[in-house]
Each structure stands twice: as structure tokens, then as C-alpha cells.
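Student: I am new to this structure. Please show me how to read its features.

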Amino acid sequence: MDQLRIRGGHRLHGDLMVSGAKNAALPELCAALLTADAVTLHNVPALQDVSTMLKLIRNMGVTAERDPADSDKVVLHAGGLDKPEAPYELVKTMRASILALGPLLARFGHARVSLPGGCAIGSRPVDQHIKGLQAMGAVIVVEHGYIEASLPTGRTRLQGARISTDMVTVTGTENLMMAACLAEGETVLENAAQEPEVVDLAEMLIKMGAHIEGHGTHHIRIQGVERLHGCEHHVVADRIEAGTFLCAVAAAGGDVVLKAARADHMDAVIDKLRDAGVTVECVDGGVRVASPGAGALKAQTFRTTEYPGFPTDMQAQFMAFNVVAQGASKVTETIFENRYMHVQELQRLGADIQVEGKVALINGVPRLSGATVMATDLRASASLVIAGLVADGETTVDRIYHLDRGYDRMENKLRALGADIERVKP
């Protein structure tokens, strides 16, 4: 199992290209299942979760290949799809596999999808997906670890419906929006997620011939069509990767331009960094971040919530900044009940953090000390890398397969900015 070895104390300088968003690429790969025509996606990141999704849809009979001359380009053709099933063996490490359910059911009238796996950060139930599809007329049975979905006898299409989910769910919104594109009549999604990745998926579906309005708000309206066609689409830049590098530069110090980053997708994180004393500004084609280093900046209190609030996927990375910033801060995690597993690893590096239920109380310390730490989930991995960049001596981050699920060659990007970091075999 690979490790990252980091020798801290180096400031970061230069330019960095932000990869395509994992949380947009995964549903957009599934959107290709809605048509028999070819779909071309650009800016697809080289991530373990993307590789797993490609393997999954190939197993269904889809042709899906990366362009040898352009590794970020993927061409998909689901005209030969003959097995609308997502087996447990291929989806046990990735919760996003549930995104195949809506497209398969909408196009073929039946689907069999394993209940998903993924990071151990807490419960992410799929009951809202099932509730929404049932409202559209689907017959669903959950047994033996699988979701079996079909249309009632005599029906050839899902039926439009007004669906109000009990909570804001990103993958639920995406799944139901994709299914509604081929449903008969109008579907209205109330309490819909507003994330940029949802908007990007909607824009792709519109290119495929879907009729969608209101994406980016809590109220999405979809007029179903009989068929969708192929399209060419560029995956939006990853706001979580960009936010992670914002926190890395803020903590380590330096001056970096994040090319392709969208400041308008990171308002909550940028506002907190500016309040801390970090310079963050829009430049042509990206975002510039400049920082004297966390020791000269003020720690920030924040609370995670749905977009456009502070994202739960940035909580661990910003905490890594807070532990070496000046003063005390409080972090409240409201989305997932088990997302403080990185705390004990940060404590191994010398962080002063106390967890009380959903709240983490942090007192900034003047220095961290390098040690061997273990990644417990995707974003926790990134927080440990940031901490390693500022720690004295050498830090080894173990179990970085979590990191590879969501960051495209992070160590290469950091090394190009001046970090002393390498991937090693234990």
C-alpha cells in the first residue's frame, strides 16, 4: 500500500491546474447510459473512483475508453448496453454507484443495483432515491443487498411527479433528475441540491436534449422527452480540490495561481480564508492565493451545511489550517455524524483539538511535529497532507488509497509548487 512522505517547512509557489470535478464526472459518466449515441467527456480526472465507474459501466456492455492522445478525454457509447446491473463486487468501495439506478431504470425499464459502499464517514442512505423513483411509478424491492427496480406491467416509461425529498441530497437530486429526463410528463424536484456539480450535470443533460429549468435552485423542473442523444461536454473544475490547495497555501505560506478554479463555487471557503488574513483574488483564468503562513493568520470558526454554505468536504482541510493558526476556533459538523476521524491523527502531529459531539474545539499551536499518520477517508487524507506540509521534520501518511479516490496526482502537483513530498512503497 503506497504512502506519502512529506518533509515540512517549504512554502508553495507557482501555477497549478485544477482537475475536473470527481463529483461531476461520476454522475456524468452515468448520464451516458441514458442514450444509445456516443457521448464525449473532456476534463475527466484520473481518479480511482472514476476508474471504478468506468469498469462498472463497461461491465454493463458500454464502450468507454480514454483517448490515448488526451488522457482527460473519455468517449462512451452505451448502444450495446445489455446488462443493466451494478454488482456488489464492482461498487462496494464507491457510493456513487447508486447513480446508475435512475438512468438504467428510465431507459430500459428495469435495473439491479447493489447497495453502495465508500468512505466510513457516516450514513448516506439511499432511501430518498427510492422514494423519488417510487413516486415516478417504479416498483422497487430491496433484498439480498440489491435494489431491484422495474416499471409496472403495461408501463414503458416512468411517470412525471412532484417529489420533495426529506433532506437535501446531491446524489438523490442527480439520480432523480436523470430519471425524469426520459419520464412521461413533468417532474418537479423540491428541496433539490444546488451544488455546482448538479448544475453541470443539468447542463450536460440539456446538451443531450433534456428540458430542464431551475437547476442551481431548490426547485428543478424537468419536462420528460422520449429519447436523448449524444453530446460533448467539459467537466467543471473541482471546487473541493481547489479549496484543498487554497488551504494548503494558506497553511504553508506562498503565492499560487489555481488555473481553471471557480471562485464563485467557493464563496464560503474563500470568505473564511480572507477573514483569516489570506489574500484570495480572481485572476484571468483562475484564482490566486497568497499567504504568509498559518502562524501569522487568525483561526476561523465555521459550521458545515449544504451548498452554498461551508462544504462538509472542506471541513478536514480547513481544520488542518486552524490547528496552526493563531487563536481558538470551533468547527461544527452538521452533515455526517462520523467525520472527525482525522482529529486523532492531527493530534499525533501535535494539534490541540477536543471533540464534543458534533463540535470540535481547536486551540492553535505554534508548530506541529512530523509523525506517521493514517488516512481514514478521502478528505481526512488531504487534511493530513496539509498538516504534513507545515510540520517539523518528516510526516508519513499511510493508506493513501483514500486520497487517490478524489485527488488527481496530488503529490505531483504539490511537488511542482515546491513541496518536499513523494509517493513511496512501505
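Student: Which residue in S7 is the bridge partner of Ala 86?

Tutor: First, the ground rules. This is a predicted model, where local features need pLDDT of at least 70, side-chain atom pairs count only at pLDDT 80 or more, and totals for chains, interfaces and linings use all residues. Residues are numbered from 1 along each chain as its sequence is written, and side-chain values use heavy atoms, leaving out hydrogens and water. Strands of a sheet pair through backbone hydrogen bonds, either parallel or antiparallel. Here, the bridge partner of Ala 86 is Val 113 in S7. Strands are DSSP runs (E, at least two residues), as are helices (H or I, at least four), numbered from the N terminus. Pairing takes at least two DSSP bridges. S6 and S7 (residues 110-114) run parallel, joined by 2 bridges.

Student: In what order do the strands of the open sheet stand?

Tutor: The order is S6-S7-S9-S8, with mixed pairing. S6 (85-86) and S8 (139-143) each have a single partner strand, so one side of each is left without a neighbour in the sheet.

Student: Which residues does UniProt list for "binding site"?

Tutor: The unreviewed UniProt entry lists Lys 22 and Asn 23. Such annotations may be inferred rather than shown by experiment.

Student: Is Lys 22 buried or exposed?

Tutor: Buried means under 20% relative accessible area, exposed over 50%, partly exposed in between (1.4 Å probe, protein chains only). Lys 22 is buried, at 7%. Asn 23 is partly exposed, at 28%.
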